[in-house]
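Visitor: Please take a close look at one part of this model, the packing of its helices. Then carry on to whatever else you can describe.

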Amino acid sequence: MSLILAIESSCDEMAMAVLKDKREFLSSVVASQIDVHALYGGVVPEIASRKHVECVSLVLKETLKQAKISVDEIDAIAVTKGPGLVGSLHIGLQAAKTIAMAYHKPLIGVHHIAGHIYANNYEQDMIYPSLCLVVSGGHSELVLLKAPFEFEVIGTTLDDAVGEAYDKVGRVLNLPYPGGPVIDKMASMGNHIYDLPIPLDDDSYNFSFSGLKSAVINLNHKANQRGEIINKDDLATSFQDVVIEILVNKTIRGAKAYGVKQVMLAGGVSANRGLRKAMEIAVNKLDEVELLLPPMSCCTDNAMMIALAAKEMYDLKMFSDLSLGIKPNIDLENESFSEVNRNG
């Protein structure tokens, strides 16, 4: 039996969880700051780190209380080391290192995106090789997993991440922050009547959402100049349809090219119901390929996903020492098991 205490603080959530063995969670606590940052239309890094300092001890206490264990019973401490906001990452890492040092527990530094990917391990085993579409406020990537903790990024965003584009379109439409969930809901009620460009519709696996975002802004601006009323539900539908089309098409093409056995979604935008449904329909048309989706509770930032990735690392003995520092721009491919072993 193993007990892993995981800490996630890469952005505006301070989250902790205790994982028993492979997928039994004894506790999961998330202190969200979304109401605070909504006042500014986005995350303010200085405020995020300050709020983390205020609540880190309380979150730890509540996490252990819910799990009905003491720190002494923990087998390892896992923590997000990057990517993320510098100040926010520091708070979580220093808490993890303090606990590890004081109680002589091994430390596991986890890549934030690896956590999102391994959230797919929550309900059933991941099958290799697999292809994961990572979509969030800061990331849009296609990641090939050849084996446990063996990552190859075959496509990435050239500009805005898809979640960032959602939030910016949300601001144009005067929607509450974050815009993604609201647009997803509106898209289910509208019609695709606005002509928007399909971004970076080429043979690569890369993404680009800056032009699509600009097209929405320009369409809205011109309508306002002419005194026309934009149907927000219809614009949300038109925007989301284009986003989903390019995400699904490139993922399916990659799944065929690399002969994967499983397609997965990961990241905050993986909670988008329109995307989940479209990907399900597309994957069902493939032979001997299954779709694996993270539960809604594991889509946005949380410590359960960090614990699930850490469990894989624990079994592979991928530990960190107390010299571990934060890595705000860390490369996912460098976190592969083979790369870690090669670099010592």
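Guide: Helix α2 (residues 45-67) packs on helix α3 (residues 86-103) at an angle of about 30°, and their axes lie 8 Å apart. This is a predicted model, where local features need pLDDT of at least 70, side-chain atom pairs count only at pLDDT 80 or more, and totals for chains, interfaces and linings use all residues. Residues are numbered from 1 along each chain as its sequence is written, and side-chain values use heavy atoms, with hydrogens and water left out.

Some terms come next. Helices (H or I, at least four residues) and strands (E, at least two) are DSSP runs, numbered from the N terminus. Axes are lines fitted to C-alpha atoms, for helices over the stretch in contact, and angles run from 0 to 180 degrees between N-to-C directions.

α2 and α3 are therefore roughly parallel to each other (under 35 degrees is roughly parallel, over 145 roughly antiparallel, 65 to 115 roughly perpendicular, the rest oblique). On the α2 side, the contact is made by Ala48, Ser49, His52, Val53, Val56 and Leu60. On the α3 side, Gly87, Ser88, Ile91, Ala95 and Ile99 take part. Contact means heavy atoms within 4.5 Å. By class, this contact of α2 with α3 has seven nonpolar, four polar and no charged residues (nonpolar: Ala, Val, Leu, Ile, Met, Phe, Trp, Tyr, Cys and Pro; charged: Asp, Glu, Lys and Arg; polar: the others, Gly among them).

Now a second pair. Helix α7 (residues 210-225) and helix α8 (residues 232-258) cross at roughly 165°, and their axes come within 11 Å. α7 and α8 are therefore roughly antiparallel to each other. Their crossing is right-handed. Leu212, Val216 and Leu219 of α7 meet Leu235, Phe239, Val242 and Val243 of α8. The contact of α7 with α8 has seven nonpolar, no polar and no charged residues.

Next, the loops. His104 is in the loop between α3 and β5 (107-111). Phi of His104 is near 55°, a positive value in a residue other than glycine. Tyr128 and Pro129 are joined by a cis peptide bond, with omega near -5°. Pro129 sits in the loop between α4 and β6 (130-135). The bond from Tyr177 to Pro178 is cis, with omega about -5°. Pro178 is in the loop between α5 and α6.

Last, the pockets. On a 1 Å grid over the protein atoms alone, a pocket is an open set of points where a 1.4 Å probe fits, with protein on both sides within 12 Å along at least five of seven lines; lining residues have an atom within 4 Å of a point. Grid points are joined across faces, edges and corners, and a volume is the space filled by probe spheres set on the points.

The largest pocket has a volume of about 1,400 Å³. It is lined by 49 residues, and Cys11, Ser136, Gly137, Gly138 and Asp301 lie nearest its centre. α5 gives the most to this lining, with five residues. The lining has 19 nonpolar, 19 polar and 11 charged residues.

The second largest pocket has a volume of about 380 Å³. Of its 20 lining residues, Lys81, Phe319, Ser320, Lys327 and Val340 are the closest to its centre. Helix α11 (residues 337-342) supplies the largest share of this lining, four residues.

Conventions:
Left-handed = near helix turned anticlockwise from the far one by under 90°.
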